[in-house]
Amino acid sequence: VQPIVVVGAGRVGQALEEMGNGEDIVLRRGDPFPTDLKDRCPIVVCTRNDVLDDVIFSIPPGRWEDLVFLQNGVIQPWLQKQGLQNCSQMLAYFAVAKQGEKPTDGKTDLNPEGLTSITGKWGNAVAERLHAAGLSCHVLDAADYEVRMYEKLIWISSFMVVGANNGGGTVGGG
């Protein structure tokens, strides 16, 4: 499995590290980007959207082409503003209930092949990591990925509206 740099040590970031072979680097908030990396590798960003500016400006611009954004929502306008529209992006349809637990794939009766999708330069490397951990992941071209991105946005929005109108339940909550 291709070693990666994981930015974000939450549930998903730790799960990605545990899928590796012990050669990954995990950066927590405020950690400096390693200056001694010899080889190019995916830099998987697993943070909240509101800290993305801080994250990218902590990484040398010469490494920005290696960024893989694992965020919910449509971040294309922000990516374009930063000149990062060609970076890899991933939509995760797996859940990590608690830190240290194995991820649960989001396969359903309607989509038994799973819906997790990735596009971009590092798509195959990241998909290989997920597959090795028993998770589904589809490597898509940019146009097919965009369709999946908007489907997920509509899905999340719909569930949040239903939850707000029915006692405050959220996706993954009670």
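Visitor: In which sense do strand 1 and strand 3 pair?
Guide: This is a predicted model, in which local features need pLDDT of at least 70 and side-chain atom pairs count only at pLDDT 80 or more, while totals for chains, interfaces and linings use all residues. Residues are numbered from 1 along each chain as its sequence is written, and side-chain values use heavy atoms, with hydrogens and water left out. Strands (E, at least two residues) and helices (H or I, at least four) are DSSP runs numbered from the N terminus, and two strands pair if DSSP finds at least two bridges between them. Strand 1 (residues 5-7) and strand 3 (residues 43-45) have three bridges, among them the one joining Val6 to Val44, and the sense of the pairing is parallel.

Visitor: Which strands stand at the edges of the sheet?
Guide: The sheet is open, has seven strands with mixed pairing, and runs in the order 2-1-3-4-5-8-9. Each edge strand has a single partner strand, so one side of it is left without a neighbour in the sheet, and the two strands in this position are strand 2 and strand 9.

Visitor: How far does helix 5 reach from its first C-alpha to its last?
Guide: Helix 5 (residues 142-164) has 23 residues, and the expected span of a helix is 1.5 Å times one less than its number of residues. The buried residues in helix 5 are Tyr145, Arg148, Met149, Lys152 and Gly163, and they pack against helix 3 (76-82), strand 5 (88-91), strand 8 (117-119) and strand 9 (138-139). The reach of helix 5 is close to the expected value, and both are given as 33 Å.

Visitor: Which side chain of opposite charge is nearest to Asp105?
Guide: Asp105 lies in strand 7 (residues 104-105) and, leaving aside its neighbours within four places in sequence, is in contact with Tyr93, Phe94, Gly134, Leu135 and Ser136. A polar atom of the Asp105 side chain lies 2.6 Å from the backbone nitrogen of Ser136, within the limit for a polar contact (a pair of N or O atoms within 3.5 Å; within protein, one must be able to donate a hydrogen and the other to accept it, and residues adjacent in sequence count only if both atoms are side-chain atoms). Lys and Arg count as positive and Asp and Glu as negative, with His and the chain ends not counted, while a salt bridge is a side-chain nitrogen of Lys or Arg within 4 Å of a carboxyl oxygen of Asp or Glu. Asp105 is buried yet has no salt bridge, and the nearest side chain of opposite charge, 4.2 Å away, is that of Lys107.

Visitor: With which residue does Asp66 form a salt bridge, the closest N and O atoms being 3.0 Å apart?
Guide: A search of the whole structure finds eight salt bridges, and a network of them links Arg40, Arg63, Glu65, Asp66 and Lys121. Asp66 counts as buried at 0% relative accessibility, and Arg63 is buried at 10%. The salt-bridge partner of Asp66 at 3.0 Å is Arg63.

Terms used
Buried means under 20% relative accessible area, exposed over 50%, partly exposed in between (1.4 Å probe, protein chains only). Contact means heavy atoms within 4.5 Å.
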